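Here is a short tour for someone meeting this protein for the first time. Keep the model in view while reading.

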Amino acid sequence: MAEYGDGDAISNEERAADLHARADVIRRDMGGASKVRAMNEEGDRTIRQHIDALLDPGTFREVGTFSRSIRPEMRDITPGDGKVGGHGEVDGRPVTVFGDDITVLRGSSAIVGTRKESRLYDRALTMGIPIVHFGETGGGRIPDLMGSEGISEPGAMFEMAQRRHRVPMATMICGQSFGGSSFLSAMSDYVVMVRGSCLAVTSPKVFEIATGEVISFEDVGGVDVHSRITGQIDLGVETDEEGYAAIRRWLSFMPTNAWEPAPRAEPCGDDGPDPELGKLVPARRTRGYDMRRVVARICDPGSVFEMQPNYARNIVCALARLDGYPVGVIANNPMFSAGTLDPQACHKVIRLATVCDSYNIPMVFLVDVPGFMVGKRVEHDLMLHWGIRMMHALQNASAPTLTVCLRKAFGMAWQAMNGSRMPSHGIYCWPGAEIGFMDPEVGVNVAFGSRLGRIADADEREAERLKLVAEVAEATNPYEAAGTMRIDEMIDPADTRRVLISDIRMLANRSVPPPEQRPLSYWPSC
């Protein structure tokens, strides 16, 4: 490398060549050429390889190449101080991207590395471009963070908590993630996790030292734990390539920032009557069916991108398109737990509603709900809290919403699913639907159980029960609500897609509130 002195013997060309040589060594060898080679031989990617695989070829421009540890004795062994980042493009659109370099002290977080993350975050907000984060850190670096000065400079983490969804943010967990990278995933709008990685506050090794508890990485924070139990990720994938594809697809639905409209794709699919749609929903309210088939048929062909598909499967949450316009879809799925709303389902709805409201994406509700789940378990899981919190979120959402009741809606779950008296911009109902306080069968058993119990003859008792059920069911006829303008219009099931597309086209002309006037942009993502 060139030596710089007081003279001017070194030309600008030589200085530039020296600059490139220094950068090339850092980018090639990272925390050690042998470490890079060992990772690749084991089939693992470095953070630079992750970034290159996500971005459009040749678009990455690094920020902070020459950063290193603030500790003098560590400078020569900490290129980048454990973090790599910069700017590039995904499908021709700009993004900010950064992540952990595990070749440098396991990608641990220290002062300079977190300053780099903070700087990239500031640039992303100023430029109004999305953020993509690759998480794989060993946690906070000791001894750098042990003292009061170190722990008092946590970097971008708390600044990101003030992001208010002004720019979209996605995280891909691609290895063992503890501490800072895990915290950033919890602040993201979309989280993908690769099988074999671990997402947790701290390592199971720390558990064992601190509490004596012995647990595997997979059991504490593997893909199945978070995709099925905790709901802390949106998608678990088997390979890195699937993760990159998922992030690219998610970004395709998002605007570049909260001030811009979400990108419309080329319209596709027929918006004429679909006589086959109604056949997907059984007439009998107690028969299950897969709502995902209904969603796919209503939305543009191939456009449905499901969020958290293995978590709270009694509700379907997805991004999709209608006439090319991005929409969020929220639909009960009777195939699982009869499509009831439980705490996990409410949590899942709030997460999607927060993203949709923040980025001004309309929401479409497809309703077939028997009510809120009841019982000791859900009460202890905060059913009351999450049910009302979901309604609170939807009442405050500024993004437009449309609602179609397909088959039934009982109790306050009708309101929770954006029904009557909620701020829906269109409430529609299929003619065979039922709307009421309670399922007529259940209602009769509750209200007339004692009366029926006094009828000794079983046949006579059953006949009376069926008579009462028919009387109660008559009151659930949706024409009653339509007659008092609690439903905007009764529609033929075959016209559902056409009606929704018509509304979505007109809603594209609406006055859009600025980001600071979208209440859910101030809510956490999850």
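D91 has a positive phi of about 55°, although D91 is not a glycine. Is D91 buried or exposed? D91 is exposed, because its relative accessible area is 54%, and the cut-off for exposed is over 50%.

This is a predicted model. 

The place of D81 is in the loop between β1 (61-62) and β2 (83-90). D81 is not a glycine, yet its phi is positive, at about 50°. Is D81 buried or exposed? D81 counts as buried, because its relative accessibility is 0% and the cut-off for buried is under 20%.

## The whole chain

Now step back. The protein chain holds 20 helices and 17 strands. Its C-alpha trace spans about 105 × 55 × 40 Å along the principal axes. Of the 526 residues, 54% are buried. The chain exposes about 23400 Å², and carbon and sulfur atoms supply 53% of that area.

Charge comes next. There are 57 positive and 71 negative side chains in the protein chain. The centres of the two sets lie 2 Å apart.

## The seven-stranded sheet

Which order do its seven strands follow? The order is β1-β2-β3-β4-β5-β7-β9. The sheet is open, and its pairing is mixed. The edge strands are β1 and β9 (235-237), and each pairs on one side only.

Strand β7 (residues 190-194) pairs with β9 in the parallel sense, over three bridges. V194 has V237 in β9 as its bridge partner.

## Helix α11

Helix α11 covers residues 240-253. It has 14 residues. At 1.5 Å a residue, α11 should span 20 Å, and its end C-alpha atoms are 21 Å apart, which agrees.

Which residues of α11 are buried? They are D240, G243, Y244, A246, I247, W250, L251 and F253. An α-helix has 3.6 residues a turn, so residues three or four places apart point the same way.

## Strand β15 and its two partners

Strand β15 covers residues 426-429. G426 and Y428 point one way from the strand, while I427 and C429 point the other way. All four are buried.

β15 pairs with two strands treated here. Strand β14 (residues 401-410) pairs with β15 in the parallel sense, over four bridges. There, V404 stands opposite Y428. Strand β17 (residues 489-490) also pairs with β15 in the parallel sense, over two bridges. The bridge partner of C429 in β17 is M490.

A416 lies in helix α16 (residues 413-416). A416 counts as buried, because its relative accessibility is 0%. What does A416 touch, leaving aside neighbours within four places in sequence? A416 is in contact with L341, F372, M390, M391 and L394.

A283 sits in the loop between α11 and α12 (291-298). A283 is exposed, because its relative accessible area is 78%.

Q517 belongs to the segment after α20 (496-507). Q517 is exposed too, with a relative accessible area of 51%.

Each of these residues can be set against a residue elsewhere in the chain.

| Pair | Apart in sequence | C-alpha to C-alpha |
|---|---|---|
| A283 and A433 | 150 residues | 8.7 Å |
| A416 and G387 | 29 residues | 7.4 Å |
| Q517 and N332 | 185 residues | 29 Å |

## Back to the loops

Finish by finding D81 and D91 again. D81 is buried at 0% relative accessibility, whereas D91 is exposed at 54%. Both have a positive phi: about 50° for D81 and about 55° for D91.

Definitions and conventions. Residues are numbered from 1 along each chain as its sequence is written. This is a predicted model: local features need pLDDT of at least 70, side-chain atom pairs count only at pLDDT 80 or more; totals for chains, interfaces and linings use all residues. Side-chain values use heavy atoms; hydrogens and water are left out. Buried means under 20% relative accessible area, exposed over 50%, partly exposed in between (1.4 Å probe, protein chains only). The expected span of a helix is 1.5 Å times one less than its number of residues. Two strands pair if DSSP finds at least two bridges between them. Accessible areas come from the Shrake-Rupley method with a 1.4 Å probe; for residues, only the protein chains shown count as cover. Lys and Arg count as positive and Asp and Glu as negative; His and the chain ends are not counted. The place of a charge is taken as NZ of Lys, CZ of Arg, CG of Asp or CD of Glu. Contact means heavy atoms within 4.5 Å.
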